[in-house]
Amino acid sequence: MRGTRTILTLLALGFASTAPLLHADLKAALAEHDLGKRSKLALDNANAALKTVREAYQKGDSAEVAAAALEIEESVDLAWDSLESTGKNPRKSPRWFKHAEIETRNLLKKLETLQHDFGFEDRPALDKAKAHVQKVHDDLLTGLMEGKSK
């Protein structure tokens with residue numbers, strides 16, 4: 001249910017996007033039938049959205065910063081939902097799960113650095129996205145270490 005809701009939300013936001021290039025990449029990820037590759041494409045989109053956040057902040061466009069931060073959350077959600085939809089045990093088939101765990105860890109490091117580059121009053125703009133990526137990373141790591149709950 002969560003995956004369907006996320007996909008519908010992403011499609012709806014894709015039509016009303018302020019950052020059409022990013023959502024176009026997310027649509028390309030949604031078009032991918034291989035769920036592992038879809039996860040990789042979604043995480044690539046999250047990294048592109050992070051670059052957009054940096055550029056928007058340098059331009060002083062807080063609306064674009066918020067939209068790109070939301071794009072990061074949506075991309076990470078799509079990656080997680082895609083991996084969950086595979087039905088595979090992350091401990092027995094770790095390929096895409098481990099890739100996603102590494103990418104989300106790197107994304108967290110970049111988000112942390114970017115947040116420190118922001119002015120003190122602007123830092124809360126990335127708190128929600130950072131917390132969301134951290135939760136997905138923790139879920140991926142738990143799945144890899146403990147395996148899927150039965």
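Modeller: A helix here is a DSSP run of H or I covering at least four residues, numbered from the N terminus. The model is predicted.

Colleague: How many helices and how many strands are there in the protein?

Modeller: Read along the sequence, the pattern is α-α-α-α-α-α. The totals are therefore six helices and zero strands, with a helix counted as a DSSP run of at least four residues.

Colleague: What share of the residues in the protein is buried?

Modeller: A residue is buried when its relative accessible area is under 20%. Of the 150 residues in the protein, the buried share is 42%.

Colleague: What part of the contacts with a separation of 6 or more comes from residues 24 or more positions apart?

Modeller: A contact requires heavy atoms within 4.5 Å. Among contacts in the protein with a separation of 6 or more, residues 24 or more positions apart account for 69%.

Colleague: How do α3 and α5 run, roughly parallel or roughly antiparallel?

Modeller: Helix α3 spans residues 35-59 and helix α5 spans residues 95-117; their axes are 10 Å apart and pack at an angle of about 5°. Angles under 35 degrees count as roughly parallel. The two helices, α3 and α5, are therefore roughly parallel.

Colleague: How many nonpolar residues are in the contact of α3 with α5?

Modeller: Helices α3 and α5 pack at an angle of about 5°. On the α3 side the contact includes Leu43, Ala46, Leu50 and Val53, and on the α5 side it includes Leu107, Leu111 and Leu114. By class, the contact of α3 with α5 has six charged and five polar residues, and the nonpolar residues number 10.

Colleague: Which residue forms a salt bridge with Asp44?

Modeller: The closest N and O atoms of the pair are 3.0 Å apart, inside the 4 Å limit for a salt bridge. At a relative accessible area of 32%, Asp44 is partly exposed. The partner is Lys40.

Colleague: How many residues apart are Asp117 and Arg54?

Modeller: The side chains of Asp117 and Arg54 meet in a salt bridge, 3.2 Å from N to O. Asp117 sits in helix α5 and Arg54 in helix α3, so the pair links distant parts of the chain, with helices taken as DSSP runs. The separation of Asp117 and Arg54 is 63 residues.

Colleague: What separates Asp139 and Lys135 in helix α6?

Modeller: Asp139 and Lys135 form a salt bridge, with the closest N and O atoms 2.9 Å apart. Asp139 has 26% relative accessibility and counts as partly exposed, and Lys135 is partly exposed at 49%. Because they are four residues apart in helix α6 (residues 127-146), the separation is about one helical turn.

Colleague: How many salt bridges does the count come to?

Modeller: The rule asks for a side-chain nitrogen of Lys or Arg within 4 Å of a carboxyl oxygen of Asp or Glu. By this rule the count of salt bridges is seven.

Colleague: Is Phe118 buried or exposed?

Modeller: The protein has one aromatic pair. Tyr57 and Phe118 form it, stacked, at 4.0 Å centre to centre and 15° between the planes. The pair links Tyr57 in helix α3 with Phe118 in the loop between α5 and α6. Phe118 has a relative accessible area of 3%, which is under the 20% cut-off, so Phe118 is buried.

Terms used:
Residues numbered from 1 in each chain as written. Predicted model: local features only at pLDDT ≥ 70, side-chain atom pairs only at ≥ 80, totals over all residues. Heavy atoms only, no water. Axes fitted to C-alpha atoms, helices over the stretch in contact; angles between N-to-C directions. Parallel < 35°, antiparallel > 145°, perpendicular 65-115°, else oblique. Nonpolar A, V, L, I, M, F, W, Y, C, P; charged D, E, K, R; others polar. Buried < 20%, exposed > 50% of the residue type's maximum accessible area, 1.4 Å probe, protein only. Phe/Tyr/Trp six-rings, centres within 6.5 Å; stacked < 30°, edge-to-face > 60°.
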